[in-house]
Amino acid sequence: MNSCLLLAYLGIGLMIALSGTGSVFGLTICGNTAIGGLKKRPEALGTFVLLSALPSTQGIYGFVGYFLIIGKVSAAITAMQSAAIFGASLAVGVVCLLSGIRQGQVCANGISATASGHNVTAGTMVMAAFPEFYAILSLLFLILIGTTI
């Protein structure tokens with residue numbers, strides 16, 4: 001395997017690993033808060049599940065990114081193309097990592113507030129969309145870079 005292929009595959013692997021890790025952390029943050037919230041308000045399970053699921057999308061973006069970019073990887077890949085794939089994939093991975101964690105924190109605060117009797121589900125979903133937006137932008141960046149390869 002040549003070094004150009006190695007660099008491209010390394011970037012793709014990091015994209016998948018980092019975006020998935022962001023979702024894992026975000027989901028765990030929400031899940032931990034939801035368990036505590038269920039002690040206070042077991043009837044709010046549906047709301048807690050809804051808010052807890054939101055950080056899972058970052059891992060999905062890494063997976064989608066794989067399918068968007070893998071077709072560009074071949075034995076004839078140039079150094080510039082592999083660097084573009086590596087850079088774009090790394091950007092998606094890092095942004096999704098941080099977005100998933102931070103979105104999990106936003107959702108956990110909404111779960112906690114709901115457990116305390118406040119009706120903040122809709123507001124929490126709006127606020128959770130902000131870190132999500134940057135994960136979507138990073139995936140768009142990958143798509144745009146992919147069209148130039």
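A salt bridge is taken here as a side-chain nitrogen of Lys or Arg within 4 Å of a carboxyl oxygen of Asp or Glu. By that criterion, a search of the whole structure turns up 1 salt bridge. It pairs R41 with E43, with the closest N and O atoms 3.0 Å apart. On relative accessible area (buried under 20%, exposed over 50%, partly exposed in between; 1.4 Å probe, protein chains only), R41 comes out as partly exposed at 24%, while E43 is exposed at 58%.

The model is predicted, so local features need pLDDT of at least 70 and side-chain atom pairs count only at pLDDT 80 or more, whereas totals for chains, interfaces and linings use all residues. Residues are numbered from 1 along each chain as its sequence is written, and side-chain values use heavy atoms, with hydrogens and water left out.

Confidence first: pLDDT, the predictor's per-residue confidence from 0 to 100, averages 95 over the chain, and 99% of the residues score at least 70. Helices here are DSSP runs of H or I with at least four residues, numbered from the N terminus.

Helix 1 covers residues 3-40, and its 38 residues reach 56 Å from first C-alpha to last. That is close to the 56 Å expected at 1.5 Å a residue, the expected span being 1.5 Å times one less than the number of residues.

Further along, S138 sits in helix 5 (residues 121-148). S138 is buried, at 6% relative accessible area. Leaving aside residues up to four places away in sequence, S138 touches A91, V92, V95 and C96, contact meaning heavy atoms within 4.5 Å.

Technical notes:
Helices (H or I, at least four residues) and strands (E, at least two) are DSSP runs, numbered from the N terminus.
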